[in-house]
Structures are given as C-alpha cells and as structure tokens.
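Colleague: Please put the model up, and then let's go through a few places that I have marked.

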Amino acid sequence: MRKPEEIATAFAPKDALDGKTEFFLVGIGGAGMSALARMLNHRGYKVSGTDSTPSPDTERLSREGISVHIGHTGEPLKALLDRSSVAVILTDAIDLKTSPEFNSALQLGIPVFRRSQALGWLLRDKKVIAVTGTHGKTTTTGMLGSALIAAGLDPLVVVGANIPQFGGPVREGNGEWAIVEACEAYDSFHDLSPHDVVLTNLELDHVDFHENYENLRASVLRFVENIPQDGKLIFCAEDEGAADLAKRFSGSKIGYVLNGGGKAELKIPGRHNKLNRTGALEAVRGTGADMTLAEAGINEFQGAERRLQVLSEGDITVIDDYAHHPTEIAASLSALRDRYPGRRLVVVYQPHLYSRTAPLIAEFAHALDAADLVVLTDIYPAREEPIPGVSSARIAEKLSTAVQYVPSRHLLPLKVARLAREGDVIVGMGAGNISEFAPRLLEEFSRKSGASHRVAVLFAGDSAEREVSILSGKAIHRALSQLGHDSTLIDITEALLGKGDLSALIGPNRPDVAFLAVHGTHGEDGALQGLLELLHIPYTGSTLLPSAIAMDKAVTKAMLQAHGILVPAGSKLSNRADPVNVRVPLIVKPNAQGSTVGLSFVENSDQLSHALDQAFAYGDEVLVEEWIKGIEISTPVLNGQPLLPVEITPVSGFYDFESKYTPGATEEICPARLPEHLIRKSQELALKVHHIIGCSGATRTDMIVRGEEIFVLEINTLPGMTGTSLLPNSAAAEGISFEQLCQRLLEDALRRDAAKT
C-alpha cells in the first residue's frame, strides 16, 4: 500500500517512460499487473517480471512468451544488459522498504514507476472512459466494455479483475475508445487522463491512505476536474456521495437513476447491477454507438470473477464474491435473496484491513445480519499491523443472526462443509485471500465418502519402542488395505525431523482419519495427539489429556488410589540421590515409558544401583515399587467394552521388554486361568480405570492378581498391534479378527469426530 510521501518521491515522472523498450513488472501475477504485462507485450515491448508464488496468471504469461521469475530477488535486474532501455513497474502492493527489486533498481539507476503510471502512458492515444467509485467499478467497466464491443466500436477494456468473456482482465481493441477501471485507492487514478468519468457512488473507504471522507472526496474531485470541455461526468444521482461531488464539479455532468427497477433481465443479479447497467448505458450515449446493440451487449454480460460468481449450482450452491464494504455486502446479499428465495444463506466473510474495519464494525454487523448464518474469520491485514481492539470478534459480538467464528481461514472449508445443509447458498466474501475458500470448499465436498476411507497410519516415532511401532504400523496398514481403505504409512518422525514435510496431512488430500501406531513417548503421551488436534485430523485412541496422564505412571497411580483402586506401594525418584523407601523385592522402571521399557526386577539390594541406572537412562523420573507376586494379567477395553483378560506367563519368569516382544518368550493365555468372578472383576476394574483416566478407543490395563486382590500396575492408551501383542490376542478370543479390530477402532475415531459438530 502506497503512502503519499512515497508517491511524491520514490517514482520517476510518467513521461520518463518515453523511449523505454523493456519493462520489468514486480508483482506480475496480480490481475492489474498481468493485464499491464499483456498490453505491453501486445504492443511489441519486451516484458518480464517476478511474483512471490506461481499462479494460473503467471503460468499463462509464461505461455505467452513473458519471462516470469518466481520469488522476489533483485538478481534478474542485475542480469539485464542494456539497463538504459529498462523501466521497473511496481504494483502498489509492493513494500518499497523490503522490495529487493526496488533496491536493485535504485542501485542500478533504473527508473521505477507505478502500475497506474504505465497504464496512463499506454492509454495516451485513446479516448478514455474512466469508471470510478467506491463500489461497482469492475462490473460497470465490464458492462460498458461489453456494450461497445457489441456495438462494433472495438474498445480497449482494462478491468481490475478477470472477465471470463474477455479472457482475462484486459481486452485489446483497435478502436478509439478505452474503457478503464479507475481506482481511487492511493490516488492511482490521477495517472489517467479521462475523456469521460462514470462515478458509481462515493463512501468512506481506503482510510489507510485518505484518512477521512473529506480527503477522499477532494481526491475524486481533483480527478474529475481533469475531464476536458467536450467530456462529461456521468454520476449516480441516487447516491448521496456521488450527487454531492457532482454539485462541486464545474464541468458538464449527467446524473442517472434507476427508474422502475430496470426493465432488462440481466445475467447477473441485484438492483445494484441494474443501477450499474443504467450508468454504463448513459456513458455509451456519448460514444456514437448504436444503443440497441449496446444495450444487448450489457444484457449479455456475465460478470467478473469474484462478483457474485457462481462456482457450483445445485443442492448446495457455492458462490464467490468480492464484497468488502458494508454497502457492497448489503447489495450482494439482497441480490442473492432475490435470486434464491427461501434458501438458507450462509456467508463466510473475511474483513479486509484493520483500517477499513475499525470505523465500520457496527455497519458490517448490520449488513451481515441479512444472512441466515455468518461464518467469520480473522481480518486480512495485507501489510497493516493489528490495531488494538479491532477484530472479527467485534463484528461477531454485534451480529443478531447465527454466527460461527473460525479464526484460521485454512479451517473454513472443513468447518463450513460440516455446517452445510441441502439447499444452502454458501458465499465466500471479502477482498483478501478468502478468494481461496469457495474453490476449496468444492474440493472438500468432493472428498470421497462412503464405506472406505483415506487413512494415514502414523508409525515409527522416536521412542525406545520405535521398532515395535514399525511392526504395529505395518500390520495395521496391511489390515486396512485388505478392508479396502486407502491406507498410507507415514513415519511421523521422518516427516517432522527428516523431510520437514506434512503435506500428506493437510489440504484437500489430507486423510479422513489418522490411525496411531506410535508407542511410547511422543506417541502415547499426548504429543502426537496435540499435533493432530492442531491439524484438525481425527485419530484413533485417547485424546491429549488422557494420553498424557496415562503415560505418567505416578500421576495415574495417584488418581486410581483416590478412587479406591489397589496399586503397588512405591515412590517416584527425581534424581539418583533420592532415598528409596520401598524394601526389596521391588520393581524399578522409568516413570514415562512403555510398560516394559527400562524395567528391572530387583531381588536384592545389590541389584538396586544397576536397576536405577538403567531406568534413569530413559528419563528424569523413576518409579520404585513393591514387587507384588501373583498372576499377571492384562485386560483390554475396546470402545467402552471390556474384553477377556490375557494371562501373561514369561518363560524366564520376568515380563520385561525381551519377554514381551520376543516370539515364544512368553505364554499368553486367553482367557486368563482365573475363576469367573475374578475375570469379571478384572473387566470391571479395567473399564473403571479406562473411564477414570478419560480414555477412548482401545486401552489395556495391566494387573497383578494376588488371591482375591487385584492390583493395577498401569494403563496403556495405544496397545501394541504386533503378532505378540495382547490386545489382538484378547480380541481374537472374543471372535474379533485383526481386520475387524482395526475397523472398529477406525469407526470409533470417526464417530467421535462427527460428534464434535
């Protein structure tokens, strides 16, 4: 955004463009700049430029022979050989202080110009009809261009947005007339020399530059005072601002109003567009065009991109609209009500600029109240710094209609797709990057639905159980693939720390659900769950808080004790020097690892020191517990229902990491060889622990049965899914195959996610 002092000092005078034969455009991918690039190229000049990102416009320019560099650097300018013939053209969106191209041009002595200067220079031999005003410039310019084209006058038309009928934002013509959208922002229209001016309306806008209405009106008045004696001002007499300015204008003028709501049936809806049509027709009268042909051309005009542009018509209609001022919003919503009577109108709105929003918060709320549901996202700032107290939330607070506030625009397609109902008319609205919303909503609607799902199996990780997780992940992946799901294995640690690439987890191709197969730290402790919460991807297993609690064995024991559940006596050590208050025999293990990682059985005090060293190797906290001897069992819970307990009988007599994961090292008997009442007791206890911690999906609670007593050792929130894992063995004893187990966990994750909306 330009400042007055920059305009006065940073740019060369317009006539310094005379004699230039090569043009380098900075921000070449924008609608206005790409139009300028095509005009220069069409006239035989050498054109190149740069933009921050590739886009359909930059790709089209490249196909037309224009060299486009992606990424802002000054290097392409330094490579130019004959710099005396070069002019650098900047869009007003480029910040001069940080622009490498601007700084390079200064160093190399290459003159720099605004886009508006270059446009005015190109139009110097044309009779220009300039269309200006706070609202409706683009549509009125397109209508007027269509009128003269239909009348055979072959005009040059330059618009601030793509016009599908013109093939872009510019339509070349060899006639004497040029129809140009003349924007009042940053005084850019002062670089034009108009023969006639159409003034659609005038309200306070662009306060970041003009500061107040009086300054804006003075700028527009200076512009129209450049109209020659044989030219005229065509103004909307219905609009208070336009009518007031016309009174101050000393030249020839014609006011227009909409009589009877307009007779013609336009291709684009709304009273405001009928009024635009009236203004365009009034401007045509001075060109000598056949009015019948001209009027037919206007009536066939199909509109500009992002001006109530229908992207999809059907049970749910999706529309993209540029409205970013309360008056424009009100006009657009009125037009939509007329076109789609009786249908629910959902407006997804992004305010544009803090400076524009600040004085108009109440007006925005009043205009948006015409919708049935408003989904607000954060303000598009461009390069503005936030203004304290100015937020989309302020608009939300003043709305009377239903409202949802979704701060991140990236979440809008997902959230709105869930809110959508059959019959809805959904319109993405605003002047910022909200333009991405409507196309992405259509992509969201087109995501595959049905019995099969897109599943990301997250496995491996960076814990001591990485290898076990790899086995679990591959087994789950095979099962899901056999079930017909589109399953993808993702080594989450490699994705995060190796490639630094999460593209498989974002955007329209993201998974429907993540199946978690990462065991131990950063998999079962809430870290991975937190990442998926930020990515808004549903996942199997427990949520963040239960996962974190269950991984902290000391906290889990304290919670269970508070509910009257038996747990082994013991203490937590925070460093090697802490006293051990438990007598041998005892068990030593890390406080936050998998159930057998770093675990030692201490039968005499001589073994304690080594056991502590081994446990502290895995973390800063260690649990020392009494060694309760009895029958070790593990009782799973699957989606809120307990399964049969598995009796664990290691060949070595010690159920450590080796015995747990080595095939044949442990005999696993299901159901456990316990009396029926103890089996039921273990199931009731497992379910109680599952609910106390707040778990979801599948859990596995490890216990020791000593006589009639059952002690809880810990709960695992992501039980292993390998060939030696306890959960699949227990499920199989209940008649649940491994594939069915995976399917049930998948469905549970999707069901819980659906319940959020």
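Colleague: Where does leucine 353 lie?

Modeller: Leucine 353 is in the loop between β15 (345-349) and α14 (354-357), where helices (H or I, at least four residues) and strands (E, at least two) are DSSP runs numbered from the N terminus. This is a predicted model, in which local features need pLDDT of at least 70 and side-chain atom pairs count only at pLDDT 80 or more, while totals for chains, interfaces and linings use all residues. Residues are numbered from 1 along each chain as its sequence is written, and side-chain values use heavy atoms, with hydrogens and water left out.

Colleague: What is the phi of leucine 353, roughly? And is leucine 353 buried or exposed?

Modeller: Its phi is positive, about 75°, although leucine 353 is not a glycine. Leucine 353 is buried, because its relative accessible area is 3%; buried means under 20%, exposed over 50% and partly exposed in between, with a 1.4 Å probe and protein chains only.

Colleague: Which other residue has a positive phi although it is not a glycine?

Modeller: Aspartate 154 has one, at about 50°, and it sits in the loop between α7 (137-150) and β7 (156-163). With a relative accessible area of 26%, aspartate 154 is partly exposed. As background, most residues other than glycine have a negative phi, and most peptide bonds are trans.

Colleague: Where are cis peptide bonds, then?

Modeller: One joins valine 584 to proline 585, with omega about 0°, and proline 585 belongs to the loop between β22 (570-573) and β23 (586-590). Another joins cysteine 670 to proline 671, again with omega about 0°, and proline 671 is in the loop between β29 (666-669) and α26 (676-693).

Colleague: New topic, the sheet around β7. What is the strand order?

Modeller: It is an open sheet of 7 strands with mixed pairing, in the order β8-β7-β9-β6-β10-β11-β12, where two strands pair if DSSP finds at least two bridges between them. The edges are β8 (168-171) and β12 (253-256), each of which has a single partner strand, so one side of each is left without a neighbour in the sheet. Neighbouring strands are turned by 15° against each other on average, direction ignored.

Colleague: How many bridges hold β7 and β9 together?

Modeller: β7 and β9 pair in the parallel sense over 3 bridges, and valine 157 stands opposite isoleucine 179 in β9.

Colleague: Which helices pack against that sheet?

Modeller: α7 packs on it, touching β6 (127-132), β7, β8, β9 and β10 (196-199), and its direction makes about 165° with that of β9. Helix α9 (residues 213-224) lies across β6, β10 and β11 (233-236), running at about 150° to β10. The axes are lines fitted to C-alpha atoms, for helices over the stretch in contact, and the angles run from 0 to 180 degrees between N-to-C directions.

Colleague: What does alanine 178 touch?

Modeller: Alanine 178 is in strand β9 (residues 177-181), and at 0% relative accessibility it counts as buried. Not counting residues up to four places away in sequence, alanine 178 touches Leu123, Lys126, Lys127, Val128, Ile129 and Leu156, contact meaning heavy atoms within 4.5 Å.

Colleague: And histidine 324, where is that?

Modeller: Histidine 324 is in the loop between β14 (317-321) and α13 (326-339), and it counts as buried at 8% relative accessibility. Its side chain reaches the backbone oxygen of tyrosine 322 at 2.8 Å. Among the residues that histidine 324 touches, leaving out those up to four places away in sequence, are Asp205, Tyr349, His352 and Arg356.

Colleague: How many residues of β19 are buried?

Modeller: In strand β19 (residues 454-459), 5 of the 6 residues are buried, so the strand is largely enclosed by the rest of the structure. It is joined by 6 bridges to strand β20 (residues 486-491), and the two run parallel, with arginine 454 opposite aspartate 486 in β20.

Colleague: Last one: at what angle do α2 and α3 cross?

Modeller: The axes of helix α2 (residues 31-42) and helix α3 (residues 56-63) come within 10 Å and cross at roughly 10°. The two are therefore roughly parallel to each other, as angles under 35 degrees count as roughly parallel, over 145 as roughly antiparallel, 65 to 115 as roughly perpendicular and the rest as oblique. Ser34, Ala37 and Arg38 of α2 make the contact with Asp57, Arg60 and Leu61 of α3.

Key. A polar contact is a pair of N or O atoms within 3.5 Å; within protein, one must be able to donate a hydrogen and the other to accept it, and residues adjacent in sequence count only if both atoms are side-chain atoms.
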